[in-house]
Amino acid sequence: MKTSSILGLNSRRALFTGRYNTRKAKNIANSKIQTAKVLKNNNVPTPQIIHKFKKYEDINSFDWNSLPDKFAIKPSRGLGGDGIIVVKKKIENGKFLTTSREEKTLEDFKLQIIDILEGAYSMNSEPDVAFIQEYVGRHTAFRKLSFRGTPDIRIIVFNKIPVMAMLRLPTKESGGRANLHQGALGLGIDLATGITTKAIQYNRPIIFKPNTNKKLNGIKIPFWNIILETAVKAQIVSGLGYAGVDIVMHPDKGPMVIELNAQPGLSIQLANMEGLKKRLERVDELAVINVDHGIKIAKSLFASKFVDRVKYREDTPVVKAVEEVLLKDIKGNWHKFLAKIDTGAWSSAIDITLAKKLGLLRKNKIITSRKKLSSLGEEERPVIEVNLKLSGKRFKTNVTVADRKLLRYSVLIGRTDLQGFLISPEIDKVNLVKSKWA
Amino acid sequence: MNPIFSGGPIYNAIVSSIASGVPENTIILLLLLPIVATVIAATRQIIGIRGFGIFLPAALSITFVAIGPILGILLFTAIVIISTIVRIITRKLKLKLQYLPRMALILWFVSLGILGILFASPYIKYGPLLNVSIFPVLVLTLLVEDFTKIQLGKSFKTAISLTGQTLVLALISYIFLTYQPFQAFVLANPEITLTTTFVINIILGKYLGLRFMEYIRFRKLIKS
């Protein structure tokens, strides 16, 4: 790679942060409280601030009994994640357990807030404001990947266009913090798909999660489009022209902006093995109409080479009311059938003669049997496992075996197998539907 | 040393002011200060050595000129060690002190420690120790606050590396400040040195390329 593709400290300041980030916008980004205010006023999701402490008196006037079981205490102008206490559990005799498994009392919290107010964690030791914030926690997608703390996604947004992204996973070395300097993992992300590409720790490339055989590439980040939208919206409302937007995934509420950076770090280039300067120059001075436009530009310009190999669909697959399915027989061959897509049915069903023909209905293949009430009275129906393909998706599922010889379609797909599909009520009469008796 | 261009206005002013009793050393230091600042700016912008701003290494280098680099580094390490020990002790004892009193306490111990060193000087019999004045000690003590603040927030490793880099910057500046032929050249040619540093700073300010340390940091990226 050419060195002119890489963004260094000199060029970052002279060409981007110095030129596009106004003093007003920097002030917003440097204060977490102001950031939260601006984001909230513009309907960009951000963790809720439960209480602010501006003066010492606020510590005594706050009703400490109203403290939730999970929360975070933060300095508004802290640097690099310093001075933050994250509590995940209330334990006995008025003590609390932090995410780094330390026991803390209310006295510890008060002392921490006094430290924050005195400026122990702020730039130049200036007096600061402390606040208690809603606890975010870990999304299930990251639970096995990160150590204790909350992972976050850093997205560099320039001129409404996401330019580069990185997933930061807390490790044991980083003490559960998503801070690269302290040893957190940085995973490069393909902007088009939200799939991780490469990984670094302490600026060195790694392939597996340390001390495990878990690969760090190929991880699909959920809600990728919403994450990109949230990041671009945050950049626009903050007024920063060149912003590092940090996004966390709330397990229930989805992507939220936790922090804005007016001078985002440069290691993201190593995590992605890509130069930022070249990407930034490509989108400099483009006229971007809105959020969607910016995301489309990013996805088409900055997609990884593997994107065409990924079975990637921008939209949810659509199935018609009658759809072709492929079933795998006992020998491993696929056969095509017509299936009725029935949202009125709970599970899928297959005709008994068809199941026998495919070799799927054998004693050792029957998993269980279900009692079914049907128009023919109560009867026991065997349940077997089948491999099926529907609209390009392949999955294994359990289906009940029934006598469907009087019915039009020998296969029925029920609700349990329709997760992730959109159903179009139309029936393609020309191509698909043939009556059994015709 | 003879000036390259004789009769420059600043040179003439220097000659007449020294003749009327302005100390020569003060004039030399004043002329060298912008050079030192330029050297520090260049090592930061082009090499990429970090450190605590530009004032601290400059002040530290002048301290080295005043009390000698060896004693300077010794005193500095003593101060760093004292402050670290105090910090570890207050943490071990779970004293839970607030920020400003904690900083004041660290300064308390540092002052006492330096006093101890001064009291010991008759027995150590190390000449330069007897000439230590309050100004260099004060500068060294000021460093402690920056050091401790970084130590409180960031990791011990970062604090040590930043302090080390500050020391390196100060030593480089110290060499510029004390190299006799260089001093003589600056005194003889104030116009040339002042113009050169001015131009260098303009060029440095316009330099947008990677710093030397960044070449190392991004070497894998450059190779790819």
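## Chain A and its interface with chain B

About 2,400 Å² is buried between chain A and chain B, and carbon and sulfur atoms give 57% of that area. Buried area is the accessible area (1.4 Å probe) that two parts lose on being put together, summed over both. In chain A, Met1(A), Asn10(A) and Glu118(A) lose the most area to chain B, together 23% of what that side buries.

This is a predicted model: local features need pLDDT of at least 70, side-chain atom pairs count only at pLDDT 80 or more, and totals for chains, interfaces and linings use all residues. Residues are numbered from 1 along each chain as its sequence is written, chains are lettered from A, and side-chain values use heavy atoms, with hydrogens and water left out.

**The interface**

Contact (heavy atoms within 4.5 Å) links 27 residues of chain A with 26 residues of chain B. The count of salt bridges between the two chains is zero. A salt bridge needs a side-chain nitrogen of Lys or Arg within 4 Å of a carboxyl oxygen of Asp or Glu. α1 (9-20), α5 (106-118) and α7 (268-272) of chain A each supply at least two residues of the side of chain A that touches chain B. By class, that side has 13 nonpolar, nine polar and five charged residues. Here Ala, Val, Leu, Ile, Met, Phe, Trp, Tyr, Cys and Pro count as nonpolar, Asp, Glu, Lys and Arg as charged, and the others, Gly among them, as polar.

**The strands**

Helices (H or I, at least four residues) and strands (E, at least two) are DSSP runs, numbered from the N terminus. Two strands pair if DSSP finds at least two bridges between them.

| Strands | Sense | Bridges |
|---|---|---|
| β17(A) (348-351) and β20(A) (393-402) | parallel | four |
| β19(A) (377-390) and β20(A) | antiparallel | eight |
| β10(A) (196-201) and β11(A) | antiparallel | three |

In β20(A), Thr400(A) is the bridge partner of Ala349(A). Asn398(A) in β20(A) stands opposite Glu385(A). The hairpin of β19(A) and β20(A) has two residues between the strands, and Ser391(A) there takes a positive phi near 50°.

Chain A also holds an open sheet of seven strands with antiparallel pairing, in the order β11-β10-β9-β8-β7-β12-β13. Its edge strands are β11 (204-206) and β13 (254-261), and each pairs on one side only. In β11(A), Pro205(A) stands opposite Ile200(A).
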